[in-house]
Amino acid sequence: MAQFVAKLGITAETRVLDVGGSPDTWQSLDVRPRVTLLNMPRTREELAAADSWVAADGRALPFRDGAFDVVFSNSVIEHVGDAASQRRFADEVARVGRAYWVQTPNRWFPVEQHLLTPLIHWLPKRLQRWLAPRFTVWSLLVRPSPDRREFYLRHYLEEVRLLDAAALREFFPRARILRERFLGWTKSLIAVSQG
């Protein structure tokens, strides 16, 4: 977040749209921009503490062109579905924000960051479908309720589409692609446009 603030010159007057975020993301900042959270209606309880939030889909943002100084999105684009859905998401981010910061886990990092399980995302889908219900590090650590576990695994297997740097660059051709590293590996990618 410090890098986000520094690179995009975030101030208390900056109008930020956080697509898919929560109020917690913004608590650690010394500077408090004017944040509008946008998330799915099912997150209503989680967003109750937000000063401003909107229930909507990131692929069809209900705002005019250039409505925000910055659009921020952390680990959302991989959740919106197929490549066409990811393209719509990227186009909407670029349309409503004069600048943007879109972070996503790197497909080539050896630990899948949703299930916290090494190498599972590199297996063929049929093996992922067999393994994920039987073992993930996420299930061991979080110990989700059976219905939450079923929902999350189904969502991961059917809708999550991880990106690499080339795919992110294709969706955001005007952006600079930053790399967050962990032990030398690129863990996450960030498409940054400073407007």
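Seven strands form an open sheet with mixed pairing, in the order 3-2-1-4-5-9-8. Strands here are DSSP runs of E with at least two residues, helices are runs of H or I with at least four residues, and both are numbered from the N terminus. Two strands pair if DSSP finds at least two bridges between them. Strand 3 (53–55) and strand 8 (176–182) stand at the edges with a single partner strand each, so one side of each has no neighbour in the sheet. On average, neighbouring strands of this sheet are turned by 20° against each other, direction ignored.

The model is predicted: local features need pLDDT of at least 70 and side-chain atom pairs pLDDT 80 or more, while totals for chains, interfaces and linings use all residues. Residues are numbered from 1 along each chain as its sequence is written, and side-chain values use heavy atoms, without hydrogens and water.

Strand 2 (residues 34–39) runs parallel to strand 3 and is joined to it by three bridges. Leu-37 has Trp-53 in strand 3 as its bridge partner.

His-114 lies in the loop between strand 6 (111–112) and strand 7 (117–118). His-114 counts as buried because its relative accessibility is 8%; buried means under 20% relative accessible area, exposed over 50%, and partly exposed in between (1.4 Å probe, protein chains only). The side chain of His-114 makes the polar contacts listed below. A polar contact is a pair of N or O atoms within 3.5 Å; within protein, one must be able to donate a hydrogen and the other to accept it, and residues adjacent in sequence count only if both atoms are side-chain atoms.

| Side-chain pair | Polar contact |
|---|---|
| His-114 and Glu-78 | 3.1 Å |
| His-114 and Glu-112 | 2.7 Å |

Terms used
Axes are lines fitted to C-alpha atoms, for helices over the stretch in contact, and angles run from 0 to 180 degrees between N-to-C directions.
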